[in-house]
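Dear colleague,

I am handing over the structure below, and my notes on what was found in it follow. Please read them alongside the coordinates.

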Amino acid sequence: MKLVTIDDVRAAADRIRPHVVRTPLLAARWGDPDRPLWIKPESLQPIGAFKVRGAFNAVAAVKDDVTDVVAYSSGNHAQAVAYAAAAFGLRAHIVMPEETPAVKVQATRDLGARVVLCAAGRREAVAEQVLRDTGGAMIPPFDHPDVIAGQGTIGLEIAEDLPSVRTVLVPVSGGGLASGIGTAISALCPDAAVFGVEPELAADTAEALRVGHRVDWSIEDRNRTIADGLRSQPSALTFAHLQRVLDSVLTVSEDEIRAAVRELLYRAHLVAEPSGAVALAAYRQASTPPGPTVVILSGGNVEPGMLAQILAERTPG
C-alpha cells in the first residue's frame, strides 16, 4: 500500500492555496505553563471546517475529466465537496445520513449540491448507486490519497509557524485528518508527538491500535456520542497511516467534550462543534508531554440549539 508522503502534502498545498484559508496559530494564554497551548482554528475555513482542504485537492485532480462529483458525509465533507465543485463549475451529489444535523444539510444545499438522505450505515452503498447513475467521480471523506494529502497541509502550516512544537492533538474519525497531519509533522518536526483523540463512545481507533488491526464498532454504538463528525471508522488506507504516524490515541468523555466547547467559546471566543473540541478536551486531561502543544479545532458547524444547551449547562468562569 502506497502511503502519502511529505512531497504529496507540499504538492497539495500548492494546488489548494488559492481556495483555502491559511489558518493562524492562536496562542491560548490560559494554557498550562509547562505545556504552552496553541489553537489551530480550522473553523475559520469558508465552510467552517478543515474538510475544504482535502476536498479541493481531490476535486482539482478530477475537474478536467468529469462534470459530476459524488460524496458521502455526515456534514463537513459534504459542504467541502459542494463548495469545491461549485468553484470548478461541477455538479455535486452528496449522500448524507438522515440523522445529520439540519444546519449541515441546509448548508450543503445552499452551496448548490443535490442532497440525497439515507438511513444510518447506508451512505456508502447509496453513494455508489448515485455514482453509477451520474458517471461522475467519487470524492470519499477520508479514504483517498488526495484527501489525506490535502488535510496534511494543516501539519505543514504548523511546522512552518511553530517549528518548536512538541505535541499535536488531532481529532480522529475516518482518519484522514490525523493521517495527513501526522505525515507532515513526522517529516518536518520529528521530535514532536502526534496524538489522535476520540470520544470514549466511538473509540474504535484506540482499540484498533492496541490490538494491531482494525475493529468494527456498530453504528448504533458510535452514534451515541455528541461528536457527530467522529462516528466513522478508519479505512485500510488511513489505518496504515495512523499506525505509522500516531504516538497514541487519547479518549475523552461526553462531559469533557461539552466542557471543551464552552472553554473554546468563553476563553478563545471560538465556536466549536463537539467534534472540533475533542483535542482541547484531551489537552485538559494533562496527560501529554511538556512543551509547546497545538490542538486542532477541526470545525465549528454546530446546531444553534445544541450549542445553547451546552452553554446552559454551566456558567463561564
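The chain is divided into domain 1 (6-50 + 144-312) and domain 2 (67-135), with bounds that come from an automatic or database domain assignment. This is a predicted model, in which local features need pLDDT of at least 70 and side-chain atom pairs count only at pLDDT 80 or more, while totals for chains, interfaces and linings use all residues. Residues are numbered from 1 along each chain as its sequence is written, and side-chain values use heavy atoms, with hydrogens and water left out.

The C-alpha centres of the two domains lie 23 Å apart, and the contact (heavy atoms within 4.5 Å) takes 14 residues from domain 1 and 15 residues from domain 2. Between them, domain 1 and domain 2 bury about 1200 Å², 55% of it on carbon and sulfur atoms; buried area here is the accessible area (1.4 Å probe) that two parts lose on being put together, summed over both. Of the area that domain 1 buries against domain 2, Ile47, Asp228 and Glu303 supply 41%, more than any other three residues. The count of salt bridges between the domains is zero, a salt bridge being a side-chain nitrogen of Lys or Arg within 4 Å of a carboxyl oxygen of Asp or Glu.

There is also an open sheet of four strands, ordered 5-4-3-6 with parallel pairing, where strands are DSSP runs (E, at least two residues) numbered from the N terminus and two strands pair if DSSP finds at least two bridges between them. Strand 5 (114-118) and strand 6 (137-138) stand at the edges, each with a single partner strand, so one side of each has no neighbour in the sheet.

Best regards
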